[in-house]
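Visitor: Could you walk me through the labels used for this model, and what stands behind each one?
Guide: Gladly; let's look at it together.

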Amino acid sequence: MKKFIVFFSFSFLMSQVSFTGNTETRIGESKTGFYYNETLVNTNMQYENFVNWLQFEFSDPPELGRSLNGLRKLRMEYNNNNISLKMGDLYEIWKRGIILNSIDDQAIDRDTGIRGLSFDYYSDDFTVQFITGKAKVWQSSIYAIGYSDRIHNYLTSYNMYGVNMNYSLGSHQFGSSFLQSKEIHPNSLADTLDVKNQLLSGSYGFSNSFYDFYAEYIMNRSFEFNDDEEYYEDHAEG
């Protein structure tokens, strides 16, 4: 496959407003005759304590995934002293990413971002983050209708909230996290599966000039919604 990538960045400064951005264009053609052309445009505008991020996509078709021409992602941030507030498309990694690891990897068309709200408080030795929102994650499955090696055909919906805390005492780091996710899993062979997962973790880390040590213990409970009784019961299969 022949592939070309063009990257361009730009910035402007107008009084108290700063505007930066970049553009990436990917063009390619395979030996079988498949041609794609996709362009991503990222813009960041900052005014005092406010930051606005917009991402546009123009693809018809992209290398992987569905075609889109218009606004793809957006986020508004407010930062002031020890607090931070984010609204829109969120990408967060808690600790080593075992409980929460939301990323956008366009190279493999994998987007696990959360659209919602995040509130952070941080000081010299203590940080806490609360997050809530929804996520829609596409993936490919041979067990779902319309399988394709280029466009995902299986959608899972998540409705989640959680809190992540970290405390530092010298070279020691202590942490705790809780995340609950209500998930809807379509099933082509049976009814849609409505599941609730709860993750609770505790972690400890130590670092010095010679080595780093990190350990995390996670407890996971799963519940399945009982349509007849209309409540969540323990999911026997984990």
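Guide: Contact means heavy atoms within 4.5 Å. Leaving aside neighbours within four places in sequence, Leu90 is in contact with Arg75, Ser102, Gly113, Ile114, Gly116, Leu117, Ser118 and Ile131. This is a predicted model, where local features need pLDDT of at least 70, side-chain atom pairs count only at pLDDT 80 or more, and totals for chains, interfaces and linings use all residues. Residues are numbered from 1 along each chain as its sequence is written, and side-chain values use heavy atoms, with hydrogens and water left out.

Visitor: Why does Lys86 count as buried?
Guide: Buried means under 20% relative accessible area, exposed over 50%, and partly exposed in between (1.4 Å probe, protein chains only). Lys86 has 18% relative accessibility, so it counts as buried.

Visitor: And why does Asp109 count as partly exposed?
Guide: Its relative accessibility is 25%, which lies between the 20% and 50% limits, so Asp109 is partly exposed. Asp109 also has a positive phi, near 55°, in a residue other than glycine.

Visitor: What makes a polar contact with the side chain of Lys86?
Guide: The side chain of Glu92 does, at 3.3 Å. The term needs a pair of N or O atoms within 3.5 Å; within protein, one must be able to donate a hydrogen and the other to accept it, and residues adjacent in sequence count only if both atoms are side-chain atoms.

Visitor: Which residues does a cis peptide bond join?
Guide: Asp60 and Pro61, with omega about -5°.
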